[in-house]
Each structure stands twice: as C-alpha cells, then as structure tokens.
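Here is a short report on selected parts of one protein chain. Please keep the sequence and the 3D view open while reading.

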Amino acid sequence: MTSLSPTSINQDNQVLSLLEKCKTLDQLKQIHSQTIKTGLTTNPIIQNKIISFLCCDTNYTGHMNYARHVFDTIPEPTVFAWNVMMKGYSRMNSPKAGVLMYVEMLMKGFKPDRYTFPLLLKGFTCHVALEFGTELHAHVLKLGFESNVYVQNALIHMYCLCGKIDMARQIFDMNTNRDDVVTWNVMISGYNRMKKYDEARKLFGEMEKKRVLPSLVTLVSVLSCCSKLKDIETGIRVHNSFKKSGAEPNLILENALIDMYAACGEMDVALRIFREMNKRDVISCTAIVTGFVNIGKVDLAREYFDQMPERDYVLWTAMLDGYLRVNRFKEVLALFREMQKSDVKPDEFTMVSILTACAHLGALDVGEWIKAYIDKHKIKNDVFVGNALLDMYFKCGNVEKARIIFNQMQRKDKYTWTAMIVGFAINGHGEEALNMFSQMLSASIKPDTVTFVGVLCACSHNGMVNEGRKIFASMVTQNNVEPTILHYGCMVDLLGRAGNLKEACEVIKNMPMKPNSIVWGALLSACRVYKNAEMAEMATKQILELEPDNGAVYVQLSNIYAACNKWDKLREVRNLMTERGIRKVPGCSLIEMNGVVHEFVAGDQSHLESKNIYSKLDEMMRDLKLAGYLPDTSEVSLDIAEEDKESALYRHSEKLAVAFGLINLRPRATIRIVKNLRMCVDCHRMAKLVSKVYNREVIIRDKTRFHHCRSGSCSCNDYW
C-alpha cells in the first residue's frame, strides 16, 4: 500500500503544479522522467494529467504516440483515461483509432460511461460513421445511455454526418427534454448539411414556439438556410431576435447577416452592417462581392474586390464567376492571370469558371494550359471539371480531345452524356451524337429535356429528318419527358432546314403552347435558305409582335429580300429600322494567339497589326480568286454597285481573323475562329477555299454550329 506521508503528498502536489504550468512536450517528458525516478507514476491523478496534456495538444502525431506509450504503462487505467485517449484520437482526425481504443476497452472488461460515446462519435468522419455508427448506437441502447442528452446529441450529429437524416430526426423526436439548445442546433445544422434548408427553417419555427432561447450558433445556422432560400422575412426575424437579446455581435454572426441580406438582394443593409463592423475578414468581403455579382453589378463588385486587403481562392472565384455571368469572358482570363501572380492556388470551382470562359472564347491554348495545370497541381478532377473540359474541347472544335476526356472520366452523370451529344451535334458528327444517345440509354441514364434538345439538334444539323421525328415521338411514349417549347423549336428547325416548310408551319400551328420568338426564328432561318419571302414576312411579323426591338429579325428579313432582289421591300425594312432606332448587331470574330484573344469587327482597323492584316487579306483574296473564288453578294443587304458589294464582303470580320491567323500561325496550323453571328454564304465559301489553298484546317464556330473546313469541304456539307 502506498504511503500517505506528508512528504509523498507534497511531492504529488509539486508534480501536479508542474503539470499545470507545463507548455511543451519536452517539458512534459522531463516531468514524466522525474515521476518515474520518484515512483509517482502509479498515482492515477498524475497519470491522467499526463495523458490529458498529450491528448489535448494533438497538433503532432508524436503527442498521441507518447500518450499511448504512457497509457500502456498503466496497469489499471480508469474509464476517464480511456475516454481521454479516445478524445485525443478524435482531435487528431483518427476516428478509426478511437474506435479500436473503444473495442480494446470493452475486451479488457471496462464499461463505457456517459462521456465515452460523445467523445468518440463527435470525431467521426462520414465514412467511419457509416462503417461503425449503427453498431455503436446499438451499444448505447444496450448500456442504457439512450436518454442522456449528450449521447443523443452525439448520435444526431453522427447520423447527420453520414446522410441518415431521418434516423437523426427520429432520435431528436424521442428526446423528451427539448430545453437544450444544443440539441436543436445539431439537428438544424444537420438539415443544412443535407441541403434541406426548408426543414431547417421549419425546425427553427418549432423551436420558437417552444420558447427555447436560441444561441449564436442557432442564429448563424438559420441565417445560412435563409441565405440559400432567399427568405428575407425569416432572416429579418432572426436579426431582430439577436437585437432584442442585447448580446454583442461576433464576426461569424455579422458575416452570416451580410451573406443573408446580400443573397436576398438587400445590398444597402448588407453594406451598412459591413461598414459598421469592428473587424472584417475575407468571408465578409466575399459576401459583399458575391451579393453585387448576384444582382448583376459586376463593376461595383470589382471595386470592392480591389479594396480587399486579403483575398483567398473563394473570393477570387466569386469575382471570376461574376464576369462569367455577364458574358465578359476576356475579363475572366485577365483576372485569372492576376490570380496567378498573387500566388493564390485555385480550386476545382475556379478551374470550371476558367474552362467555361475558354469554351465561350474558343481559347483552346489557354484551355489546354488549364488542363495541364489541373494535372500538374493535382487539383480535384471531379465530374464538374470533367464536364467543363468536355464543353471546352467541343466548343473549341477539338472533338478528338473531348472524346479522350470522356473515356478517361471515372464518373459520368447525365450532364456528361448530354455534353457529348450536344458537342457531337454542333461539330457535325450527327451519327456519333445518336450513337452516344443510345449508349446513354443502355447505361440506364435517364435523359432529360436538355438531352433531347441536343439529340434533336444533332438530327437538325445533319439533315436526319426521319430519325428526328422518331426521337421526338419517343420523348413521351418511351422516356416520359413532356416536350417543351424548345423541343418544338428543334422540330421546326429540323423540318425547315430540310425544306419541309409547310410541315414546319403545321408543327407551329398544332403546338400545345403559344410559339415564342425562337420557334418563329427557326422558321425564318429556313425561309432564308429556301428564299421564301412570303413565309418570312409572316414569321417576322410574329417575332416582332413578341420582340419589337429584335434587330436580328430585321436584318434576316433584309437578307431574304436582298437574295430575292426585292430592293423596294428591303428599303422599307431599312427605313423601319431607322424610324424605330433599331441597330444591326455588328459581326465580331475572335481568334486566340499565344494565349491572347484577338477581336475583329467588320471593317476593323483598330488592331495593332491592321496594316499587315489588310495587306495579307488582299494577297489572300488574289490567291483564292486564282483557285476559283467568286464573291457571293446575295446576302449583301444594299442596292449598290456589284464592286461595292464585293468590297463590303472583303471586310467581314471572319476574313480579317483568317488573314491574321495566316500571318501569325505556323504553316499548316489550324485556324480557329469564333463568330458571334451566323456566318454568311460568302465567308463560308472563303473558309473552304482557304483550307484547300493553304493546306490547313479552318474551324469557325458561328452562332448555330461549327464549320470544320478541310481540303475545300466543310463538315456541315453546306447545310447550315
């Protein structure tokens, strides 16, 4: 039996005092060494103090290893010691080691107490919760701890963590003591985690009815769900509840308030809170920038972004997303270059934004660099990044690379399959698009409305009328997808492109909904191809009733009149445009060179290489004429001399971009151009001849599809 002499008691007190003052592992080892020398290691209080110190500071794995070494020297460890060890493993994110500790505890005949399960369960990850959660819950029931509020809270947290929200709610509902705000917080947070924001809001309503006083954690959680639901009414109620409490606001709550008001579009209130804050962090700034982005005030968002002293990857991505939303794709790439200079590492969401910008600009070189960056820096290459890569390659006209990405993707969702179908369609691979659709169905992936738009577009772009009719009919009969106005528009386009204008009109006449400008626009485009001025007038009238300021419609009708030599009618349209202040959208062509996107408009002379470009253009037109090029002036909407018409054609933006490409690209390199409008017949003829004369592929993406020109032929087979 240990002697209880005043000397031994004094030594114990000295050691305990030293342990209280202990700050580092080295100091602890010295104290531990002294306890071994003086024989004090058998004192349970000292043993527990040493283990507690090590398990509470788990920044280094060595601490837990040392704690385990000390623990193993204790002949009869107390339940407290077992619990502390489990707490330590939880803190250092080693929940499986904690479970093994628990199993060892049972095997050695020790019984858990009411603290064991909360300490063990709160450190679980989703995977560990799925693996061991149900069995540990059974232990709780067997040992009679199911009514303990701390154990209940831990179980609710554990089930929410692994997605078993109904089981978590069942435990919550069994709780007879609903006065503990922590229990409510855990359940509300669980609903938020599962994106069941409406359920979180309802639960907060129940909490209010039961007069349970919310904590700051409650308010932050509820504000978060209000932000997602854009529920300003509940958000204001939560804010008022906090004001009435008289409590001092903290940074987390103020950030939640800013985020809620910004998400609901109340930027004046959000800014007032932001300006009154004693301390701000990057989360506060991100909420303000995101708020302005959400209401379309991107320039104002940029002003606040530039003022921020600290910017993390989330804030950068929010600003990039802002430019993306308003189609300012060149600014997206410019801002990303700034981000690179600031040494902030992007995440997978940033990569999706950049790839989307590259897709719209046709910036293949930058897109390829981003792909290499993702691989080099091991950025999470999930299904969203994969889909963005697919979209980028297809919209840059590189079908082969898109196919490789698709085959490499570990996980594919319906958007992956749809991206492949649409990508093949716009690039003129109609058969492959339909084959991909068949594979999608074979893989038991249910197509949605967007998928069918892609499939019908594939049929339309490739003249597959019968296939299109069958697929349209199968939407309801085989796939239970009700056709929308977009699908009817695709059918009108399909029939119209094939010259079946009367049947296209019948489809419009028998639609179950009122046709919109897209449907009538599809018919108008077909009228242009087949020079049906009478039907074009009818379609134009319908569109202008819906969209009186639609300048593109006036231009299309003008082109049809020009093609039919109806100059009086053309002048009437021109005069009407002048009277109504309608302006034609200028043609614009983009071409990427060494990671920089160059922009040309018709007759453009603002480019730094303008003199060389026009010189090359003259040379190019001479070469093309020798190869048989004759200008097609049928779509020049002016009743002027033929020579002047040809001069107007030569200045089209596509031709300027092609000339720029011939100057700057190596021989036989592919010329890739993105055009904002539909390519005219003459530029289409020019692109085909350039591919033959200069022995290089010319890829032009216009408003409706891709034109892959090789050896004098185009992938569209002159059907666009």
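What is the order of the strands in the open sheet of 6 strands?

The model is predicted. The order in this open sheet is E2-E1-E3-E4-E5-E6, and the pairing is mixed. Its edge strands are E2 (596-601) and E6 (713-714), each pairing on one side only.

E1 spans residues 588-593 and pairs with E2 in the antiparallel sense, over 6 bridges. Within that pair, isoleucine 591 has histidine 598 in E2 as its bridge partner. Helix H37 (residues 653-664) lies across E1, E2 and E3 (671-675). H37 runs at about 15° to E1.

## Cysteine 716

The segment after E6 holds cysteine 716. Is cysteine 716 buried or exposed? Its relative accessible area is 2%, under the 20% cut-off, so cysteine 716 counts as buried.

Cysteine 716 touches His684, Arg705 and His707, leaving aside residues up to four places away in sequence. Valine 326 is 390 residues from cysteine 716 in sequence; their C-alpha atoms are 31 Å apart.

## Helix H15

H15 covers residues 251-263. At 1.5 Å a residue, its 13 residues should span 18 Å. The end C-alpha atoms are 18 Å apart, which agrees.

H15 is mostly covered, with 10 of its 13 residues buried. Among them are Leu253, Leu257, Ile258 and Tyr261. The buried residues pack against four helices: H13 (216-229), H14 (232-245), H16 (267-276) and H17 (282-294). Just after H15, glycine 265 takes a positive phi of about 80°.

Notes
Residues numbered from 1 in each chain as written. Predicted model: local features only at pLDDT ≥ 70, side-chain atom pairs only at ≥ 80, totals over all residues. Heavy atoms only, no water. Pairing = 2+ DSSP bridges. Helix = DSSP H or I, 4+ residues; strand = E, 2+ residues; numbered from the N terminus. Contact = heavy atoms within 4.5 Å. Axes fitted to C-alpha atoms, helices over the stretch in contact; angles between N-to-C directions. Buried < 20%, exposed > 50% of the residue type's maximum accessible area, 1.4 Å probe, protein only. Expected span 1.5 Å × (residues − 1).
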